[in-house]
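Colleague: I'd like to talk through this model with you, contact by contact. Can you take my questions one at a time?

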Amino acid sequence: MTEEVDSEFESLLEFIKESRGFDFTGYKRSSIQRRVERRMQQVEVTGYAEYLDRLQVDQNEFTQLFNTILINVTGFFRDPEAWRELQQEVTPALLAPKTRGESIRVWSAGCASGEEAYTLAILLAEVIGVEEFRRRVKVYATDVDEDALATARQATYGEKEMQAVPEDLRERYFERTGSRYVFRSDLRQSVIFGRNDLVQDAPIGRLDLLVCRNTLMYLNAETQAQVLRRFHFALNPAGVLFLGRAEMLLSHARLFLPIDLKRRFFRKAEQVEAGPRPGGASSQPDGERTGRDPRLEDEALLLSPLATLVVNPHEIVVKANQRAEAQLGVSSREIGRAFPDLDLCQRIGGLRTAFDDVRRSRSPIWLHEAQFSRSATEMLFFDIQLAPLEVGADGGIAVAVFFSDVTRYQRMTGELQAAHRQVETAYEELQSTVEELETTNEELQSTVEELETTNEELQSTNDELQSMNDELRERTSQLDEANDFLESVLGSLRTAVVVVDTDLIVRAWNGQAEDLWGLRAEETIGQHLLNLDVDLPMERVRPLVRAALSGDAEQAPLRLEVINRRGRTVGLVLSASPLRLRGSVPTGAIVLMDQSEAGVPASSS
């Protein structure tokens, strides 16, 4: 590979690190290049520079690239003999010194889609029992691949993945759901998944067992050494490291001692020893004889949970830890730059002034709740301590700058204040509501009293209405009887009877009238007498009826010949009498129509 191509590849790795936080610079170049080139072939890109341009414009390409680089080769009980030894020999020996009820901490580093983590859970549950497992065990499972972690958290696997799980274990630790198997929910709570980059992030500590299989093989020697030092730090004194078949640790005997080299089980070395010096000098450096170890100090600074910068007496940044890069964006590229020139000094108000004051006064200074805008949408808050260090040869003073992230507390304070204001507002609203309720209660009490009074009045009115209803029912009954009687009388007469009101509207029409003229009562009642379809000379009938309506009861009857409903000519004597109610003026007239023998001459009135 030419120098130019090598430079382009390093630029690509640096871009990935800066833009997405994945540091692949510690991976073996041959492995990482092969996987990147495989992805480049899939998208038909020929050069690293061209592929970098593609990543800049296509954010989705990152996901495809990471899926290619982070080959998640895993499975349940992978290398069964090694797992059998872990269950039968390594784990019992590891747990023997522990007291009853003492916690057991396990880390599956590079867990991929979770099969390895759940295998560990099954193995430990088999060794100590399910109840003890729930009380004592925490299995931490980490990876850098978020998609793989999402799969692992679901704890659901198909037939293909489950083939390596023995049938008896499958029945005890998985629940069948359709065509898939789900890991037991009560044990799932003890398996904790999270993102962790072995190259950049701090390790999980106080471990009894650390399983990292076939992950170190992708890292170069320098990065492997760094990761293994962290593993050594993370393990308890009697802790065990379980690696993959491709990982030997032949050059790290001072960190780990083999338990079973063939199966790749190692225990933490009790003491880290350095090799002998040339010329027969002591094997310990001067710093170790005096109790100081610069390497350990650098490692402690690197893993410090506080973002930390160290500035020498010449105002040059000489150290910056991982937290400073993650939170403040101060990466290794800033090492060697002047502290006042850092973008950080421009974006945090008062930091430059406090830095100068520390160097002048040679005493620590605090900046509380300093604001730092990490992006257009994200604001962080820090408590910053600037502490003076040793004095330089020219009288200058070095400064350590510690950034304690208080963003969460600041937000909690803001939320607490907002909640307090909401409580005050709610209390005022509640007080107002109570007063309104009291007023409403008084109004309701008055309304209840009014309703009670109204109810009594309604009850009295109801009694009166009931009495009136009874009376009305009785009168209606009497009226019905009177009507029945009247109809019976009219129907019993042999004379056709027609009753009209003062407007000559027919009010009664008996059966004889119906038989005479062929018109039913319902066809005539309500109609004008003079408009009826009957064979009567209405010009002669009208004066007779009008005279009766005026109260003249002495009118001579009319004698007529008419044609009845059968078409026969009959003699008819027609008379009219006034209809009075209790001696009052006439309210109508009663017209009587008596049939006589045909041929009787009609009167000539």
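Colleague: Before we start, what pLDDT do local features need here?

Modeller: This is a predicted model, and totals for chains, interfaces and linings use all residues, while side-chain atom pairs count only at pLDDT 80 or more and local features need pLDDT of at least 70. Residues are numbered from 1 along each chain as its sequence is written, and side-chain values use heavy atoms, with hydrogens and water left out.

Colleague: How many residues of strand β2 are buried?

Modeller: Helices (H or I, at least four residues) and strands (E, at least two) are DSSP runs, numbered from the N terminus, and buried means under 20% relative accessible area, exposed over 50%, partly exposed in between (1.4 Å probe, protein chains only). Strand β2 covers residues 137-143 and is largely enclosed by the rest of the structure, because the buried ones number 6 of the 7.

Colleague: Which residue of β6 stands opposite Tyr140?

Modeller: Two strands pair if DSSP finds at least two bridges between them. Strand β1 (residues 104-109) pairs with β2 in the parallel sense over 6 bridges, and there Val106 stands opposite Val139. β2 also pairs with β6 (residues 191-195), again in the parallel sense, over 5 bridges. In β6, the residue opposite Tyr140 is Ile192.

Colleague: How far apart in sequence are the parts tied together by Phe242 and Phe265?

Modeller: Rings of Phe, Tyr and Trp (its six-membered ring) pair if their centres lie within 6.5 Å; planes under 30 degrees apart count as stacked, over 60 as edge-to-face and the rest as tilted. The whole structure has 14 aromatic pairs, and Phe242 with Phe265 is a stacked one, 4.3 Å centre to centre with 20° between the planes. Phe242 sits in strand β8 (residues 235-243) and Phe265 in strand β10 (residues 265-268), so the parts they tie together are apart by 23 residues.

Colleague: Which ring does the charged end of Arg170 sit over?

Modeller: A charge sits over a ring if NZ of Lys or CZ of Arg is within 6 Å of the ring centre and within 35 degrees of the ring normal. For Arg170 the distance to the centre is 5.5 Å, and the ring belongs to Tyr181.

Colleague: Which residues are in the salt-bridge network with Arg184?

Modeller: A salt bridge is a side-chain nitrogen of Lys or Arg within 4 Å of a carboxyl oxygen of Asp or Glu, and a search of the whole structure finds 28. Asp186 and Arg184 meet at 2.7 Å, N to O; Arg184 is buried at 19% relative accessible area, whereas Asp186 is partly exposed at 22%. The network links Arg184 with Glu131, Arg134 and Asp186.

Colleague: How many residues apart are Arg359 and Glu315?

Modeller: Their side chains form a salt bridge of 2.7 Å, N to O. Arg359 is in helix α17 (residues 351-361) and Glu315 in the loop between β11 (307-311) and β12 (317-320), so-called distant parts of the chain, and the separation is 44 residues.

Colleague: Is Leu493 buried, exposed or partly exposed?

Modeller: Leu493 lies in the loop between α18 (407-492) and β16 (496-501). With a relative accessible area of 36%, Leu493 counts as partly exposed.
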